[in-house]
Amino acid sequence: MKLSRNNGLRASAIGALVVSGALVLSACGSDDNNEPTKSGGKQTSAAASNIKCDGAKGQLLAAGSSAQENAMDLWVKNFQAACEGVEVNYQGIGSGGGITKFNQGQVAFAGSDSALKDEEVAESKKICKGGTGVNLPMVGGPIAIGYKLDGVDNLVLDASTIAKIFDTKITKWNDPAIAKLNPGAKLPDSTIQAFHRSDESGTTQNLGKYLSTAAAADWKYDPKTKSWPAPGGQAANGSSGVAQAVKGAEGSIGYFELSHATANKISTVSVNTGASAPVAATSENASKAIAAAKVKGTGNDVALSLDYATKAEGAYPLVLVTYEIACDKGNKAETLPTLKAFLNYAISEEGQKVLTSADYAPMPAEIAAKVRAIVPTLS
């Protein structure tokens, strides 16, 4: 069994950047999509010492976003080390697959890089007897545009060129639009190999929302779709699959969470947002964008609205937030104690802090506080 590890960014509190530690969420599919993530063993640090098991027992099944896999690895390892006899299995099969399993009653919670659609909320009511599925944000981070191009170490692109590359409107690395953004770079006269996700993915959806907002004239596809909408390009399964494809192919480009770029030592694009300088894909820069997120959900739902068109200095606009999706009411009695204990740990200050080492960003303080108040009320 394999556990997921992820990287992310730091988040700021509303009004002030509060960098606590790091967050974990389940995300989209990865090339490990068919392997449950499972971790055991004792940890020697004090990380597990304050985890409250609160009656947790047996096995807890979950599935979804591969973007948060690396974060899940850490959370599950620590939780299992603290709570004897508990097993948490998380499958990184992609956001779409996770939501499907959740709404079929196959898993206790799902990880998704996008909030539930109205029709998915309606479907959840069949499983959540007397309640509904709610979006609980737990992890944030940048979506990196990774590339492999010998001799080019600091590639700059803007929303328009990114859109045209993934829509096969720009097919050569020395295209004038790319050259204009990279004066002095030795861009080869070679074909761009663009890779995208083959599975339904919240990462794909967030990229589409960014391009539809920041490059509306060049990206005409439905920003709500989790499936890759554009013609051409090459497909790979999950964030890990796309990262491995880019790593292995000269002249390639793809998109995945920053942790996958870091783990595979893949160069990442800096984005020209219109600010005074291009913005690199880092946790800190993504945190600056996430800090401006607004809560659009109501009641126990904490779905967020992100500003993909930000031009704020140092704010990396191509970001995602991963939600853990669970029933607010109507959870299965046999898994409810473990579900609540695990999510309580994940959103706790301690749970958020452990993920900075994996390049994730914790939730802003006010958002984290909302989620911390909701999790204990799940029933």
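**Basis of the model**

Because the model is predicted, local features need a pLDDT of at least 70 and side-chain atom pairs count only at pLDDT 80 or more, whereas totals for chains, interfaces and linings use all residues. Residues are numbered from 1 along each chain as its sequence is written, and side-chain values use heavy atoms, with hydrogens and water left out.

The pLDDT is the predictor's confidence in each residue, from 0 to 100. Its mean for the protein is 87, and 87% of the residues reach 70 or more. Over residues 1-47, however, pLDDT stays under 50. Where pLDDT is low, the predicted coordinates should not be read in detail.

**Overall fold**

The protein has 12 helices and 14 strands. Helices (H or I, at least four residues) and strands (E, at least two) are DSSP runs, numbered from the N terminus. A residue is buried when its relative accessible area is under 20%, exposed when it is over 50%, and partly exposed in between (1.4 Å probe, protein chains only). By this rule, 58% of the 379 residues count as buried. A contact means heavy atoms within 4.5 Å. Among contacts with a separation of 6 or more, 81% join residues 24 or more positions apart.

**The interior**

In soluble globular proteins, nonpolar side chains tend to be buried together. A nonpolar core is a set of buried Ala, Val, Leu, Ile, Met, Phe, Trp, Tyr and Cys residues joined through side-chain atoms within 4.5 Å. The largest such core has 110 residues, and those with the most contacts inside it are Trp75, Phe79, Ile253 and Phe342. Leaving out residues up to four places away in sequence, Phe342 touches Leu60, Met72, Trp75, Val76, Phe79, Val88 and Phe109.

Helix 9 (residues 283-290) is largely enclosed by the rest of the structure, because 6 of its 8 residues are buried. These are Ser283, Asn285, Ala286, Ser287, Ala289 and Ile290, and they pack against strand 5, helix 8 (258-264) and strand 14. Helix 7 (residues 238-248) is mostly covered, with 8 of its 11 residues buried. Among the partners of its buried residues are strand 5, helix 6 and helix 8.

Apart from neighbours within four places in sequence, Thr161 is in contact with Ile170, Ala177 and Leu181.

**Pockets and the cavity**

Rolling a probe the size of a water molecule over the atoms shows where empty space is left. On a 1 Å grid over the protein atoms alone, a cavity is a set of points where a 1.4 Å probe fits but cannot get out, while a pocket is an open set with protein on both sides within 12 Å along at least five of seven lines; lining residues have an atom within 4 Å of a point. Grid points are joined across faces, edges and corners, and a volume is the space filled by probe spheres set on the points.

The largest pocket has a volume of about 600 Å³. It is lined by 27 residues, and the closest to its centre are Ala115, Leu116, Lys117, Lys296 and Ala303. Elements giving two or more residues to this lining include helix 3 (118-124), helix 6 (202-214) and strand 14 (319-327).

The second largest pocket holds about 240 Å³ of space. Of its 14 lining residues, Gly105, Val107, Ala108, Lys332 and Thr335 lie nearest its centre. Strand 2 (residues 58-64) gives the most to this lining, with 3 residues.

There is 1 cavity of 30 Å³ or more, and the largest cavity has a volume of about 50 Å³. Its lining includes Thr204, Trp219, Asp222 and Trp228.

The table divides the linings by class. Ala, Val, Leu, Ile, Met, Phe, Trp, Tyr, Cys and Pro count as nonpolar, Asp, Glu, Lys and Arg as charged, and the others, Gly among them, as polar.

| Space | Lining residues by class |
|---|---|
| Largest pocket | 10 nonpolar, 9 polar, 8 charged residues |
| Second largest pocket | 7 nonpolar, 6 polar, 1 charged residues |
| Largest cavity | 5 nonpolar, 5 polar, 1 charged residues |

Most residues other than glycine have a negative phi, and most peptide bonds are trans. Asp54 has a positive phi of about 45° although it is not a glycine, and Lys265 likewise has a positive phi, of about 55°. Lys265 lies in the loop between helix 8 and strand 10 (267-268), and is exposed, with a relative accessible area of 79%.
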